[in-house]
Amino acid sequence: MNFDINEVLFLMTDAIKQNVAENWEEVKQPTNAFLARRKERLELLADLLIKKEISQARFESRMEDEKLIAEAQLHAIAVISKAIAQKAANAAIDIFQKAVMAAVNVAI
């Protein structure tokens, strides 16, 4: 499987959309801007793990950081609660991790 960051970002956006439900219109633009800003970093992390240039543990540590950053970004939008922001951030990062792991397993 090839890792396609654009497809993964689309899936991450959809995961956030599903979790914020009726608040999507309020968070749509900030979510898209946030993911656009994180795109290069996420792509780099994926590439490093796929090429085995970082360990799984290091990757997992970075994913925890990414979850916290995503949660803070979503929480900054006062319309949604902390629990919804946390759930949306977790869902988006989970999509990313699964896509990277699928690419890693194919690369092995």
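I took helices as DSSP runs of H or I with at least four residues, numbered from the N terminus. Axes are lines fitted to C-alpha atoms over the stretch in contact, and angles run from 0 to 180 degrees between N-to-C directions. The model is predicted, with local features needing pLDDT of at least 70 and side-chain atom pairs pLDDT 80 or more, while totals for chains, interfaces and linings use all residues. Residues are numbered from 1 along each chain, and side-chain values use heavy atoms, without hydrogens and water.

Entry, helix packing. I looked up helix 1 (residues 5-20) against helix 2 (residues 24-50): the angle is about 150° and the axes are 10 Å apart. Contact here means heavy atoms within 4.5 Å. Helix 1 contributes I5, N6, L9, M12, T13, I16, K17 and V20, and helix 2 contributes W24, V27, T31, N32, L35, K39, L42 and E43. By class I read nine nonpolar, four polar and three charged residues; Ala, Val, Leu, Ile, Met, Phe, Trp, Tyr, Cys and Pro count as nonpolar, Asp, Glu, Lys and Arg as charged, and the others, including Gly, as polar.

Entry, R38. R38 is in helix 2. Is R38 buried or exposed? R38 counts as buried because its relative accessibility is 17%; buried means under 20% relative accessible area, exposed over 50%, partly exposed in between, with a 1.4 Å probe and protein chains only. Leaving aside neighbours within four places in sequence, I found R38 in contact with E66 and I69.

Entry, R62. R62 lies in helix 3 (residues 56-75). At 16% relative accessibility, R62 is buried. Beyond neighbours within four places in sequence, R62 is in contact with R41 and L45.

Note on methods. Helix = DSSP H or I, 4+ residues; strand = E, 2+ residues; numbered from the N terminus.
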